[in-house]
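Subject: Structure handover

Hello,

Please find the structure below, followed by notes on what was found in it.

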Amino acid sequence: MSRAVVLFIAATAILCAAQSASALTFDVSVGTAKCFKEEMSKNQLVTGTYQVPTSNVLMMRFWVEDPLKNAVVDYADAQTGKYAFTADVDGDYKFCFQDVPRPGAYINWSATQPRRVILTMHLDEETQASKSALALKDKLQPLEAELVRIEATAYEVKLGAEHGREREAAHRDQSEAINSRVAWLSMFTIISVVCLGLWQIWAQRNFLKKKKII
């Protein structure tokens, strides 16, 4: 095989891979939503990853809307993870990122810098109809076809479990932060009440001394 043929095959493989998978890198400013659209077909499987620099005072919301304005993916505090969904209808799907302050966090707006997001996306070109046609074409046995379906379902369940763990961790961190603030507030309230009581005793004692009662 000549060198020119090898280069042609390699270029074709790279081009095919670029058509099915893509990566985006962009900056998101605080309080501003950045969105883009991707046209998809019904029953098309979409998978990918996202990476967001960590922040103690900011939360990056990441969500995907279908053409009917329904959220098919929604992460309140996206950091690093995976996402997946199956398109229910044909049309443009909107991918959005928005950086917002964490509840109770102090923000120095003048020093806040945009955060850089890296998003990858893989579009499965095979719809459910094409998979069924492929099963018929290859004359798969019913059991083999069922195993293929179960494998795809298990993969979606795994992604859902990972998403659930991420949301649970985010909620746990938020609850711990709220509990910490409540504890400090309770301690401050107790100290304030004790100080107020001591001041009242001191003021009452001085008043009685001036009146020569004691």
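Contact here means heavy atoms within 4.5 Å. By that rule, Gly91 touches Glu38, Glu39, Met40 and Pro67, leaving aside residues up to four places away in sequence. Please keep in mind throughout that this is a predicted model.

Gly91 belongs to strand β7, which covers residues 91–101. Its contact Pro67 is 24 residues away along the chain, yet the two C-alpha atoms are separated by 5.8 Å. Is Gly91 buried or exposed? The cut-off for buried is under 20% relative accessible area. Gly91 has 19%, so it counts as buried.

Strand β7 also has a partner in β4: the two pair in the antiparallel sense over eight bridges. Within that pairing, Leu58 stands opposite Pro101 of β7. Strand β4 runs over residues 58–65, and seven of its eight residues are buried, so the strand is largely enclosed by the rest of the structure.

Strand β4 pairs with β5 (residues 71–75) as well, again in the antiparallel sense, here over four bridges.

Lys69 sits in the loop between β4 and β5, and its phi is positive, about 70°, although the residue is not a glycine. At 60% relative accessibility, Lys69 counts as exposed. Asn43 is another residue other than glycine with a positive phi, near 70°. The loop that holds Asn43 lies between β2 (33–40) and β3 (45–51). Asn43 has 37% relative accessibility and therefore counts as partly exposed.

How many disulfides does a search of the whole structure find? There is one. A disulfide is a covalent bond between the sulfur atoms of two cysteines. Here the cysteines are Cys35 and Cys96, with their sulfur atoms 2.1 Å apart. The pair links distant parts of the chain, since Cys35 is in strand β2 and Cys96 in strand β7, 61 residues apart. The torsion about the S-S bond of Cys35 and Cys96 is about 115°, so this disulfide is right-handed. As for accessibility, Cys96 is buried, with a relative accessible area of 1%, whereas Cys35 counts as partly exposed at 36%. Another cysteine, Cys195, counts as partly exposed at 47% relative accessibility.

Which residues make the nonpolar patch of about 410 Å²? They are Ile190, Val194, Leu198 and Ile201. Ile201 lies in helix α3, which spans residues 142–210. With 58% relative accessibility, Ile201 counts as exposed.

Regards

Notes: Residues numbered from 1 in each chain as written. Predicted model: local features only at pLDDT ≥ 70, side-chain atom pairs only at ≥ 80, totals over all residues. Heavy atoms only, no water. Buried < 20%, exposed > 50% of the residue type's maximum accessible area, 1.4 Å probe, protein only. Patch = residues over 30% accessible without salt bridge, like charges linked within 9 Å, V, L, I, M, F, W, Y side chains within 5 Å. Areas by Shrake-Rupley, 256 points an atom, 1.4 Å probe, with all protein chains shown as cover. Salt bridge = Lys/Arg side-chain N within 4 Å of Asp/Glu carboxyl O. Pairing = 2+ DSSP bridges. Disulfide = S-S within 2.5 Å.
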